[in-house]
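Please read them with the structure open.

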Amino acid sequence: MPGAEPPPRGTPARSGPERVRARYRRLLGDAADPHEWAYAWRTELNRGGFRAAEFLIDEVVAAGKCVGCASCVTICPTDVFDYASEQPVDARGDACVRCVLCAEVCPVLRPVDNDLGDLVGFCEPGSDDGYGRFGEALYARAADPAIRARGQDGGMVSALLIHHLETGRLGGAVLGDVEPDNRQIGRHKLATTRAEVLACAGSRYTYSPNTLALREALRHGVSPLAVVGVPCQVDGVRLQQNSSLRLQTARWYRDNIALVIGLFCSEAFTHESIQRLAALIDVAPERIANINIKGKVVVRLDDGEVVTSSLREYRRWARPACLYCLDYSAENADLAAGGIGRDGWTFTLVRSDAGRAAVEAAVADGWLETSPLETHPRGAELLRKLAAAKKRNRPLPALMPTLDQRAAQGHLDPKTYYTTGPGASSGPAREGP
Ligand SMILES: Cc1cc2nc3c(=O)[nH]c(=O)nc-3n(C[C@H](O)[C@H](O)[C@H](O)COP(=O)(O)OP(=O)(O)OC[C@H]3O[C@@H](n4cnc5c(N)ncnc54)[C@H](O)[C@@H]3O)c2cc1C
Ligand code: SF4
Ligand code: SF4
């Protein structure tokens, strides 16, 4: 384990955050095993801890690398952070108890732990075709046409959640619904009823801070709990559940989150993208009822009319922070869901025993219909391609350039930075982390 080195004689004493930053930088520079990077702050606990929020904000948020997962916000036992503009804000620093949990659970600072399998309970035997471990892959959809009509693809996610709430398998679900005056901007929601799950159904392609609802669940003791989120949120949740520093909040998440459903994700888009898309298709932004991405941008308007637009054009408004993410298929979820392959169905990866039990129960009770992948094999081909594309050439986020450095290079597009952009030649030639 890399230890704390005493400063050379005559060096002025450094503050905790400065010391940790120097140690962290040294570990990155020395090409240490990424799972050892966390020792930069863990060893500081022997000295009584330090204000990790300062280190986190400096190293991740100010660097423009924060993906917005809110993991640091929801783990903090003393509510130090606010959350605004898809980022944590160090709002109540005086309340910090120096536990370093916020640094411990940030997926940008370090990869998820090697021993995560013990927590998740991945299916055995399992496969890994380049998109994470899974026991089974299938198409699924809600048996109820009313739920299907509300879902983004097959409505599998919503049907399974409603089934589990109504049969007492779940007490609540951490989801995202929408701002009342803008249906394309998400906000967190702790859903406990069928109506609330349905209000959240469908996808917003802007970032939705679903996991902020974890705090509400904790405060009100709502459990067992399901969490639905994009891969960065899944990793944030897993880091919180699996933290080696088992303070009360981390323990509660570990004991009470029963099911994590991850959504496939190439990238999310900025709020500005909605105005830009509306201009591209020449409608008022508030007329956009739903956006789906199927090789092109498929927009459903409030009167049911469907208009398509160029994905290449729309991608210009992808969130720059999505560069700092290598996971397309929610590799650490219990179930992963996407809209590739068969139209009107949800491509579903059953990754863990909990995921398998959830799907089997919903199928047995007639809430879900399933169909084998072989009916539309293109789904699996696409998944392999898209998952590989999101890892290609990319080092871990901690080793990537900052947002300012990318801006200076004139290349903020997360999709192409490591394929045809400046990172294509400088990145390590490998497929994964
Ligand atoms: C930002 C984003 C990017 C995606 N990119 C891809 C992709 O590249 N390829 C692909 O195959 N699939 C992608 N998906 C997944 C796809 O859109 C569907 O969510 C998935 O197929 C499940 O469909 P469903 O009908 O079963 O879900 P539904 O029953 O409609 O339930 C969807 C759930 O998603 C949650 N949700 C909605 N918007 C967000 C959001 N912005 N962030 C987090 N949670 C949200 C809601 O809470 C709801 O519970 C993406 C989803 C999002 C949100
Ligand atoms: S990536 Fe997540 S954990 Fe890290 S600073 Fe941003 S919101 Fe916090
Ligand atoms: S691409 Fe990654 S960082 Fe961006 S929203 Fe999707 S999961 Fe999060």
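1. Start with one pair of facing residues. Val227 stands opposite Val260 in E7. The strands involved are E6 (residues 225-229) and E7 (residues 257-263), which pair in the parallel sense. Five bridges link E6 and E7. Keep in mind throughout that this is a predicted model.

2. Now the sheet around that pair.

3. A second open sheet has three strands, in the order E8-E9-E10. Here the pairing is antiparallel.

4. Look at the pairing of E8 with E9 in detail. E8 and strand E9 (residues 297-301) run antiparallel and share five bridges. Ile288 stands opposite Leu301 in E9.

5. Asn290 deserves a check of its own. Asn290 is placed in strand E8. Is Asn290 buried or exposed? Its relative accessible area is 13%, and the cut-off for buried is under 20%, so Asn290 counts as buried. The side chain of Asn290 also makes a polar contact of 2.9 Å with the side chain of Gln152.

6. Next, ligand 1. How many residues surround ligand 1? The shell holds 32 residues. The closest are Asp153, Ser158, Ser203, Arg204 and Gly339. By class, the shell has 13 nonpolar, 16 polar and three charged residues.

7. Polar side chains approach ligand 1 at both oxygen and nitrogen atoms. A polar side-chain atom of Ser203 lies 2.7 Å from an oxygen atom of ligand 1. For Tyr328, a polar side-chain atom lies 2.7 Å from a nitrogen atom of ligand 1. For Thr346, the distance from a polar side-chain atom to an oxygen atom of ligand 1 is 2.9 Å. On its own, ligand 1 has 900 Å² of accessible area, and the protein covers 96% of that.

8. Which elements supply the shell around ligand 1? Helix H8 (156-166), strand E4 (172-179) and strand E11 (335-338) each give at least two residues. The largest share comes from H8, with three residues.

9. Finally, ligand 2. There are 13 residues around ligand 2. Cys66, Cys69, Ala70, Cys72 and Cys106 come nearest. Helix H3 (52-61) and helix H4 (71-75) are the elements that give two or more residues to this shell. By class, the shell around ligand 2 has 11 nonpolar, two polar and no charged residues. The shell around ligand 1, by contrast, includes three charged residues.

Technical notes
Residues are numbered from 1 along each chain as its sequence is written. Chains are lettered from A and ligands numbered from 1 in the order in which they are written. This is a predicted model: local features need pLDDT of at least 70, side-chain atom pairs count only at pLDDT 80 or more; totals for chains, interfaces and linings use all residues. Side-chain values use heavy atoms; hydrogens and water are left out. A residue is near a molecule or strand if one of its heavy atoms lies within 4 Å of it. A polar contact is a pair of N or O atoms within 3.5 Å; within protein, one must be able to donate a hydrogen and the other to accept it, and residues adjacent in sequence count only if both atoms are side-chain atoms. Accessible areas come from the Shrake-Rupley method with a 1.4 Å probe; for residues, only the protein chains shown count as cover. Helices (H or I, at least four residues) and strands (E, at least two) are DSSP runs, numbered from the N terminus. Ala, Val, Leu, Ile, Met, Phe, Trp, Tyr, Cys and Pro count as nonpolar, Asp, Glu, Lys and Arg as charged, and the others, Gly among them, as polar. Two strands pair if DSSP finds at least two bridges between them. Buried means under 20% relative accessible area, exposed over 50%, partly exposed in between (1.4 Å probe, protein chains only).
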